[in-house]
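This briefing describes one protein chain for a reader who is new to structures. Please look over the sequence and the 3D view before reading on.

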Amino acid sequence: WRVVGGLASDGIVVRVGEELKSARYSQRLEHGAVVEEHDVSRDGRRLKYELVKGSGPNVGWVSKVLWLSNGERLPLVAEIGAADADGAADGGG
């Protein structure tokens, strides 16, 4: 997965646990970071990850999307192929 959100806010919020009410880390997961999936919440909206590339907490839980007040979805992370994770497919189509 690659972090695609948080460009204007110094990254996306990372929490210690699966629940939205769990403690959050002081550091955010930077825009462009690459993470490996370790688990997904029961509702499929949250992702437990391990950091592969970039800066932020080494492990944690993030929301996959941010729901805006007008009902729109803003993606925070996006699935990528293995080639993208190591930069081999940069700029590819």
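This is a predicted model: local features need pLDDT of at least 70, side-chain atom pairs count only at pLDDT 80 or more; totals for chains, interfaces and linings use all residues.

In which strand does Ser63 lie? Ser63 is in strand β4.

**The chain as a whole**

- The chain contains one helix and seven strands.
- Read from the N terminus, the order of these elements is β-β-β-β-β-β-β-α.
- The chain has 93 residues, and 31% of them count as buried.
- Among the contacts in the chain with a separation of 6 or more, 44% are between residues 24 or more positions apart.

**Strands β2 and β3**

- Strand β2 covers residues 34–40 and strand β3 covers residues 46–53.
- These two strands run antiparallel and are joined by six bridges.
- One of the paired positions is Val40, whose bridge partner in β3 is Leu47.
- β2 and β3 make a hairpin, with five residues between the two strands.
- Gly44 is in the turn of this hairpin and has a positive phi of about 80 degrees.

**Strands β3 and β4**

- β3 also pairs with β4, in the antiparallel sense, over five bridges.
- Strand β4 spans residues 59–63.
- Glu50 stands opposite Val59 of β4.
- This pair of strands is a hairpin too, with five residues between β3 and β4.
- In its turn, Gly54 has a positive phi of about 110 degrees.

**Ser63 and its surroundings**

- The side chain of Ser63 makes a polar contact with the side chain of Arg46, at 2.7 Å.
- Leaving aside residues up to four places away in sequence, Ser63 touches Leu20, Arg45, Arg46, Leu76 and Val77.

- Val59 is located in strand β4.
- Val59 forms a nonpolar patch on the surface together with Val16 and Tyr25.
- The accessible area of Val16, Tyr25 and Val59 together is about 240 Å².

**Arg42 in the loop between β2 and β3**

- Arg42 is placed in the loop between β2 and β3.
- Arg42 counts as exposed because its relative accessibility is 77%, and exposed means over 50%.
- Which residues does Arg42 touch, not counting residues up to four places away in sequence? Arg42 touches Glu18 and Glu19.
- Arg42 and Glu18 are 24 residues apart in sequence, and the distance between them in space is 9.5 Å from C-alpha to C-alpha.

**Asp10 in the loop between β1 and β2**

- Asp10 is found in the loop between β1 (2–3) and β2.
- Asp10 is exposed, since its relative accessible area is 68%, and the cut-off for exposed is over 50%.
- What is the phi of Asp10? Asp10 has a positive phi of about 60 degrees, although it is not a glycine.
- Most residues other than glycine have a negative phi.

How values were computed: Residues are numbered from 1 along each chain as its sequence is written. Side-chain values use heavy atoms; hydrogens and water are left out. Patches are made of residues with over 30% relative accessible area and no salt bridge: like charges are joined within 9 Å, nonpolar side chains (Val, Leu, Ile, Met, Phe, Trp, Tyr) within 5 Å. Accessible areas come from the Shrake-Rupley method with a 1.4 Å probe; for residues, only the protein chains shown count as cover. A salt bridge is a side-chain nitrogen of Lys or Arg within 4 Å of a carboxyl oxygen of Asp or Glu. Helices (H or I, at least four residues) and strands (E, at least two) are DSSP runs, numbered from the N terminus. A polar contact is a pair of N or O atoms within 3.5 Å; within protein, one must be able to donate a hydrogen and the other to accept it, and residues adjacent in sequence count only if both atoms are side-chain atoms. Contact means heavy atoms within 4.5 Å. Two strands pair if DSSP finds at least two bridges between them. Buried means under 20% relative accessible area, exposed over 50%, partly exposed in between (1.4 Å probe, protein chains only).
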